[in-house]
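I am opening a notebook on this structure and writing down what I looked up, entry by entry.

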Amino acid sequence: MYRDLIHHAATLGAEVHFAHIDDDPELLGYFLPMHKRIVVRLGMTYVQSRWVLGHECGHAYYNHKCKGMHVRDAAERQANAYAARLLIDPDEYARLERINPDQHWLAEEFSVSVEGIFAYEEHWLTRLRGVTYSHARQGAGQWAHRGVPA
């Protein structure tokens, strides 16, 4: 069920643990950079666990050491962007968005949180005059994916 994400974490040099997190009821997971360990709260839904694991892989990738609120907020945004790109396929997103652009529906289709769809749209898409580009760069033809409304 989580095999691909656990393998991805391993390629980042991190081990994954699913555990009870009793200290803070709001804490869904965390990354321990000194131990290269990702901990995900037990008992969450598949969608929640998948998003949290992808998010914590982002922290592992960037080796975040979240000290201070300003650094922490930037690290959280960066980890969300990483998770969104990891869990959402651009080709499939373009296809599904043409069917239904509703973020809640897209989240269900990708088995991610709505927050994941928002992060994907914010960090990975560029919308210009009714056309959506993925990984847009400057210059004609410089995008990975281009979606034109139906």
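This is a predicted model: local features need pLDDT of at least 70, side-chain atom pairs count only at pLDDT 80 or more; totals for chains, interfaces and linings use all residues.

**Entry 1: helix α2**

I began with burial in helix α2, and I noted that S49, R50, W51, V52, L53, G54, H55, E56, C57, G58, H59 and A60 are buried, where buried means under 20% relative accessible area, exposed over 50%, and partly exposed in between, with a 1.4 Å probe and protein chains only.

Twelve of the 17 residues of α2 are buried, so I describe the helix as mostly covered. Helix α2 covers residues 46–62 and reaches 24 Å from its first C-alpha to its last, close to the 24 Å expected at 1.5 Å a residue, the expected span being 1.5 Å times one less than the number of residues. Helices (H or I, at least four residues) and strands (E, at least two) are DSSP runs, numbered from the N terminus. Just after α2, I found N63 with a positive phi of about 50°.

**Entry 2: salt bridges**

How many salt bridges does a search of the whole structure find? I counted two, taking a salt bridge as a side-chain nitrogen of Lys or Arg within 4 Å of a carboxyl oxygen of Asp or Glu.

In one, the side chains of R37 and E15 meet at 3.0 Å, N to O, and this pair links distant parts of the chain, with R37 in strand β3 (residues 37–41) and E15 in strand β1 (residues 15–19), 22 residues apart. R37 is partly exposed at a relative accessible area of 27%, and E15 is partly exposed at 37%.

In the other, the side chains of E92 and R95 meet at 2.7 Å, N to O; both residues lie in helix α4 (residues 90–99), three residues apart, about one turn of the helix. E92 counts as partly exposed at 28% relative accessibility, as does R95 at 40%.

**Entry 3: α5 against α6**

I then looked at helix α5 (residues 103–110) and helix α6 (residues 114–124), whose axes come within 8 Å and cross at roughly 105°. The axes are lines fitted to C-alpha atoms, for helices over the stretch in contact, and angles run from 0 to 180 degrees between N-to-C directions. I therefore wrote α5 down as roughly perpendicular to α6, a label for angles of 65 to 115 degrees, while those under 35 count as roughly parallel, over 145 as roughly antiparallel and the rest as oblique.

Terms used:
Residues are numbered from 1 along each chain as its sequence is written. Side-chain values use heavy atoms; hydrogens and water are left out.
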